[in-house]
Amino acid sequence: MRQPERTKAAILAAAELILIKKGLRGMTLEDVAAAASISKGGLLHHFSGKDELILGILQRQMNEFEQDVERRRLEDPAEPGAYTRAFLRANLEPDEHASKVCIAFLSESRTIPASLAVAQQHCDAWRQRLENDGIDPVVAAIVRYAGDGLMFSALWGMPKPDNYDAIVERLLQLTQAADAHCLQAPSTP
């Protein structure tokens with residue numbers, strides 16, 4: 001990694017920690033620069049302002065999630081449905097830091113309109129990957145939205161349902177080739 005990339009990564013890592021502690025409104029460029037051990041001018045060399053820094057955090061989190069999904073997909077030799085299962089597992093097994101950043105970001109991110117566009121781009125790419133995973137796209141969508149619901153419930157501190165493991169297992173089963181077509185609408189003559 002080149003020095004500018006390392007510096008940018010250090011700034012984003014510091015910004016994430018400040019975000020977790022103080023929220024978007026409480027995060028200042030001065031705090032981030034100090035935490036990254038650079039001057040505010042050095043920070044502004046890489047990010048033109050707070051909004052761009054916040055978008056950088058969002059982009060970094062989305063990229064890390066995508067890398068996690070891809071790693072899990074490569075570990076799952078069973079096609080079709082490997083991407084859908086990897087997406088589900090990544091949603092249900094996020095690392096603690098990513099979860100904290102997500103919670104802090106979600107609480108105030110609507111104040112930055114560009115953040116919605118960045119998130120939408122990633123969501124569209126995920127939807128396309130899920131729809132083209134070799135299983136019924138409706139099944140892939142059901143698994144995705146159920147996984148999203150379980151993930152957001154966990155992020156907000158809701159207790160897991162008593163049958164959580166059975167729910168996850170059923171979602172994973174739906175992605176298996178034999179079950180992937182079970183929810184398709186019957187064909188019309």
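This is a predicted model: local features need pLDDT of at least 70, side-chain atom pairs count only at pLDDT 80 or more; totals for chains, interfaces and linings use all residues.
1. Let's start with the inside of α7: Ser115, Val118, Ala119, His122, Trp126 and Leu130 are its buried residues.

2. An α-helix has 3.6 residues a turn, so residues three or four places apart point the same way. On the other side of α7 you'll find Pro113 and Gln121, which are exposed.

3. As for overall geometry, α7 covers residues 113–131, which makes 19 residues. From first C-alpha to last, α7 reaches 27 Å, close to the 27 Å expected at 1.5 Å a residue.

4. What sits over that buried face? The cover for the buried residues of α7 includes α4 (50–75), α5 (82–92), α6 (96–108) and α8 (137–155).

5. Ser115 is worth a click. Ser115 belongs to helix α7, and its relative accessibility is 5%, so Ser115 counts as buried, the cut-off being under 20%. Beyond neighbours within four places in sequence, Ser115 is in contact with Leu55, Leu58, Phe105 and Ser109.

6. Two of the covering helices, α4 and α6, also pack on each other. On the α4 side, Ile54, Ile57, Leu58 and Gln61 meet Ala98, Val101 and Phe105 of α6. The axes of α4 and α6 come within 11 Å and cross at roughly 140°, so the pair is oblique. The crossing of α4 past α6 is left-handed.

How values were computed
Residues are numbered from 1 along each chain as its sequence is written. Side-chain values use heavy atoms; hydrogens and water are left out. Helices (H or I, at least four residues) and strands (E, at least two) are DSSP runs, numbered from the N terminus. The expected span of a helix is 1.5 Å times one less than its number of residues. Buried means under 20% relative accessible area, exposed over 50%, partly exposed in between (1.4 Å probe, protein chains only). Contact means heavy atoms within 4.5 Å. Axes are lines fitted to C-alpha atoms, for helices over the stretch in contact, and angles run from 0 to 180 degrees between N-to-C directions. Angles under 35 degrees count as roughly parallel, over 145 as roughly antiparallel, 65 to 115 as roughly perpendicular and the rest as oblique. A crossing is left-handed if the near helix is turned anticlockwise from the far one by less than a right angle, and right-handed if clockwise.
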